[in-house]
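The sequence and structure follow.

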Amino acid sequence: MKVLVVDDSKIARISVIKNVVGVMPDVEVFEATNGLEAVELFAKERPSAVFLDLTMPVMNGYEALKRIMEIDKAAQVIIVSADIQSEAKLRVLAAGAKNMYPKPINHEIVKLVFEKDLLV
Ligand SMILES: [Mg+2]
């Protein structure tokens, strides 16, 4: 199973990857450092799940989410963001994200994501 992890912070990517691999040891992980890279990698690799930051250079997570959903309306995108305002969550859910979690995520949250948010 392919998983795409998108964040401009390397530390944040490492944290998400560590927890994803901890829950799903057999995943093939792809990394992107901004929204544009994420959209390009999504189109190429068609990952089963995307963990997506919102605040990033070049292209932010809102625009990347919109473009990913245009590529595949069944795309499974989980937002992981420091922006915990409820309107941010409503906005990404309306745009097609499966759920949104505040940074930093941990093993229990990623376990919940794979059990409840994602069809894998
Ligand atoms: Mg960021």
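In this predicted model, the structure holds 1 cavity of 30 Å³ or more. The volume of the largest cavity is about 30 Å³. Its lining consists of V5, V6, D7, A12, V16, F51, L52, D53 and V80. Two or more of the lining residues come from each of the elements β1, α1 and β3.

The sheet is open and has 5 strands, ordered β2-β1-β3-β4-β5 with parallel pairing. At the edges stand β2 (28–32) and β5; each has a single partner strand, so one side of each is left without a neighbour in the sheet. On average, neighbouring strands of this sheet are turned by 20° against each other, direction ignored.

| Strand | Partner strand | Sense | Bridges |
|---|---|---|---|
| β1 (residues 2–6) | β3 (residues 49–52) | parallel | 4 bridges |
| β4 (residues 77–81) | β5 (residues 99–102) | parallel | 4 bridges |

Between β4 and β5, the chain passes through helix α4 (residues 86–94), and this β-α-β crossover is right-handed. Within the pair, V80 has Y101 of β5 as its bridge partner. V80 also belongs to the lining of the largest cavity.

In the other pair, the bridge partner of V3 in β3 is A49. Two helices pack on the sheet. Helix α1 (residues 10–23) touches β1, β2 and β3, and its direction makes about 165° with that of β2. Helix α3 (residues 61–71) touches β3 and β4, with its direction at about 175° to that of β4.

A97 lies in the loop between α4 and β5. Is A97 buried or exposed? Its relative accessibility is 7%, and buried means under 20%, so A97 counts as buried. Leaving aside residues up to four places away in sequence, A97 touches L65, V77, I79 and V92. The C-alpha atom of A97 is separated by 9.9 Å from that of F51, and the two residues are 46 residues apart along the chain. F51 is one of the residues that line the largest cavity.

How values were computed
Residues numbered from 1 in each chain as written. Predicted model: local features only at pLDDT ≥ 70, side-chain atom pairs only at ≥ 80, totals over all residues. Heavy atoms only, no water. Pairing = 2+ DSSP bridges. Right-handed = clockwise from strand over helix to strand, strands pointing away. Axes fitted to C-alpha atoms, helices over the stretch in contact; angles between N-to-C directions. Contact = heavy atoms within 4.5 Å. Buried < 20%, exposed > 50% of the residue type's maximum accessible area, 1.4 Å probe, protein only. 1 Å grid on protein atoms, 1.4 Å probe; cavity = no way out; pocket = protein on both sides within 12 Å on 5 of 7 lines; lining within 4 Å. Points joined across faces, edges and corners; volume = space filled by probe spheres on them.
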